[in-house]
Amino acid sequence: MLLARPLSAVELTEVTSWLGPDLMPLFSAQQNADQRHGLEVARHVLRSGKMRPELVVAAALHDVGKRHSEMGAVLRSVATILMLLHMPMTKRMSDYVRHGELGAADLEATGVAPLAAIEFARHHQHGRPDGFPQEDWKILRSADLNL
């Protein structure tokens, strides 16, 4: 999704119907590619038959913390390689690597984000936390990894 197109008005209306006015600003603050990925992951969750709103919100907003790094695809790839090699990174690269933690904090700060969205954002790179239902985790991870 290096050159992802912006979401259409119809797609933005669809996302707004899931997130509502309190969470939509976080979604809108993301880059086009991250918005499109969130839309597709949420649609995948809906297709799974799990129509629970908190899972759709979790899917749509799981990468919201990436906005803190303000990096494109190339620098994101470099940051990932540096992380894997345990090499020093810039603050922006570190923010990208920590996007789950940063996104969870953003979601918590809204005061309205479902716990599933906060926890999936925080842990989606690392593994299911205790107390997160295994079936819900499997649906969310499958949606995220298969897109």
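Welcome: you are looking at a predicted model, in which local features need pLDDT of at least 70 and side-chain atom pairs count only at pLDDT 80 or more, while totals for chains, interfaces and linings use all residues. Residues are numbered from 1 along each chain as its sequence is written, and side-chain values use heavy atoms, with hydrogens and water left out. Helices (DSSP runs of H or I, at least four residues) are numbered from the N terminus.

**How α1 meets α2**

- Let us start with helix α1 (residues 9–28) and helix α2 (residues 32–47), whose axes come within 11 Å and cross at roughly 120 degrees. Axes here are lines fitted to C-alpha atoms over the stretch in contact, and angles run from 0 to 180 degrees between N-to-C directions.
- The two helices, α1 and α2, are therefore oblique to each other. Under 35 degrees counts as roughly parallel, over 145 as roughly antiparallel, 65 to 115 as roughly perpendicular, and the rest as oblique.
- The crossing of α1 and α2 is right-handed, a word used if the near helix is turned clockwise from the far one by less than a right angle.
- On the α1 side, the contact (heavy atoms within 4.5 Å) is made by E11, L12, E14, V15, W18, F27 and S28. On the α2 side, Q35, R36, L39, A42, R43 and L46 take part.
- By class, this contact of α1 with α2 holds seven nonpolar, two polar and four charged residues. Ala, Val, Leu, Ile, Met, Phe, Trp, Tyr, Cys and Pro count as nonpolar, Asp, Glu, Lys and Arg as charged, and the others, Gly among them, as polar.

**How α1 meets α6**

- Helix α1 also packs with α6, at an angle of about 155 degrees and with the axes 10 Å apart. The pair α1 and α6 is therefore roughly antiparallel, and its crossing is right-handed.
- D22, L23 and L26 of α1 meet D106, L107 and T110 of α6. Three nonpolar, one polar and two charged residues make up this contact of α1 with α6.

**A mostly covered helix**

- In helix α3 (residues 53–61), seven of the nine residues are buried; buried means under 20% relative accessible area, exposed over 50%, and partly exposed in between (1.4 Å probe, protein chains only).
- Those buried residues are L55, V56, V57, A58, A59, A60 and L61. They pack against α1, α2, α6 (99–110), α7 and α8.

**The aromatic rings**

- Searching the whole structure gives two aromatic pairs. Rings of Phe, Tyr and Trp (its six-membered ring) pair if their centres lie within 6.5 Å; planes under 30 degrees apart count as stacked, over 60 as edge-to-face and the rest as tilted.
- F120 and W137 have ring centres 5.3 Å apart and planes at 75 degrees, so this pair is edge-to-face. It links distant parts of the chain, with F120 in helix α7 (residues 115–123) and W137 in helix α8 (residues 134–145), 17 residues apart.
- F132 and W137 also form an edge-to-face pair, with centres 5.3 Å apart and planes at 80 degrees.
- F120 is buried, F132 is buried at 6% relative accessible area, and W137 is buried at 9%.

**Two single residues**

- E119 lies in helix α7 and counts as buried at 19% relative accessibility. Leaving aside neighbours within four places in sequence, E119 is in contact with P129 and F132.
- A105 sits in helix α6 and is partly exposed at 40% relative accessibility. From A105 to R128 is 23 residues in sequence and 18 Å in space, C-alpha to C-alpha.
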